Amino acid sequence: MDSKLETILKALKIRQVDVEASTGGVRIKFTEGSVPATTIDLYVLRSNPEHLRAKIRGTDDYPEMSDADLKKVRIKLQNELLGLANVGTFTSLGRRGEVHYYYAHITMSKKSSTDLTLVQKGAQQALEQLKGVDSGTFRKGLDQLGLPRSSKVRLALTRVFRESADIEEMLTVVVQEAGVIAKSNDWRVLKDIREQNEIPYLNIVVELLWKAVAKERLIKTLEDIHN
């Protein structure tokens with residue numbers, strides 16, 4: 001598989017997007033939320049391997065998509081690829097039989113591979129820090145931060161500590177918990193902890209969680225702007 005598609009596939013799996021490797025590249029499925037159910041295929045152009053393209057095939061029930069729906073899908077895809085790539089406007093290039101096809105250009109961010117590598121390195125460092133910490137010491141650290149037992153930040157950090165057996169598991173949990181924190185006022189608590197924390201074994205995992213929360217907050221802002 002092309003390295004650009006590998007980067008996208010790996011990152012989207014961590015972000016809990018419904019994605020899989022396909023014969024021609026990467027297949028993404030949107031089945032929930034405010035966007036219509038859509039399958040998007042990402043692939044490299046054979047005539048120009050430096051370029052990526054996204055393709056939507058209209059379904060048999062809804063062979064043609066409205067401009068409004070295409071815009072919603074584009075915004076959703078752009079949010080999922082935030083920091084990885086930029087998504088162009090979907091346009092119709094005709095149809096085969098009764099089904100319409102829509103295409104958009106995908107431009108990789110120059111820093112996408114580097115950023116993903118840095119995040120993975122951060123997760124590896126966080127795992128190494130937490131290896132020597134027992135559950136009692138970890139709870140004591142959370143107490144020192146002044147986090148009550150009902151705090152979403154405390155619950156998130158505890159889950160990361162308990163369920164992170166490897167890098168992929170850690171990043172998956174971080175992304176899931178970031179989605180919860182970003183929807184509450186506890187994101188401000190996490191921001192304060194990031195700026196004031198003096199507990200060494202929590203520095204990196206707090207930073208990873210904060211970056212994921214910041215991404216979720218940015219996505220929410222972008223959605224509010226477009227809606």
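**Aromatic contacts and a cavity**

Reply: Tyr 201 is buried, at a relative accessible area of 16%, where buried means under 20%, exposed over 50% and partly exposed in between, for a 1.4 Å probe and protein chains only. The model is predicted: local features need pLDDT of at least 70 and side-chain atom pairs pLDDT 80 or more, whereas totals for chains, interfaces and linings use all residues. Residues are numbered from 1 along each chain as its sequence is written, and side-chain values use heavy atoms, with hydrogens and water left out.

Me: How many aromatic pairs does a search of the whole structure find?

Reply: Rings of Phe, Tyr and Trp (its six-membered ring) pair if their centres lie within 6.5 Å; planes under 30 degrees apart are stacked, over 60 edge-to-face, and the rest tilted. The search finds three such pairs. In one of them, Phe 138 and Tyr 201, the centres are 6.5 Å apart and the planes stand at 40°, so this pair is tilted.

Me: Which parts of the chain does the pair of Phe 138 and Tyr 201 link?

Reply: Helices are DSSP runs of H or I with at least four residues, strands are runs of E with at least two, and both are numbered from the N terminus. Phe 138 belongs to helix 4 (residues 135–144), while Tyr 201 is in the loop between helix 7 (186–196) and helix 8 (203–226), so distant parts, 63 residues apart, are linked. Phe 138 is also buried, at 3% relative accessibility. Together with Phe 161, Phe 138 and Tyr 201 form one aromatic cluster.

Me: Are the rings of Trp 187 and Trp 210 stacked or tilted?

Reply: Their centres are 6.4 Å apart and their planes at 25°, so the pair is stacked. Trp 187 lies in helix 7 and Trp 210 in helix 8, 23 residues apart in sequence. Both count as buried, Trp 187 at 14% and Trp 210 at 13%.

Me: Which residues line the largest cavity?

Reply: On a 1 Å grid over the protein atoms alone, a cavity is a set of points where a 1.4 Å probe fits but cannot get out, and lining residues have an atom within 4 Å of a point. A volume is the space filled by probe spheres set on the points, which are joined across faces, edges and corners. One cavity of 30 Å³ or more is counted, and the largest cavity holds about 40 Å³. Its lining consists of Ser 135, Phe 138, Arg 139, Thr 158, Phe 161 and Arg 162. Helix 4 and helix 5 (152–163) each give two or more residues to this lining.

Key
On a 1 Å grid over the protein atoms alone, a cavity is a set of points where a 1.4 Å probe fits but cannot get out, and a pocket is an open set with protein on both sides within 12 Å along at least five of seven lines; lining residues have an atom within 4 Å of a point.
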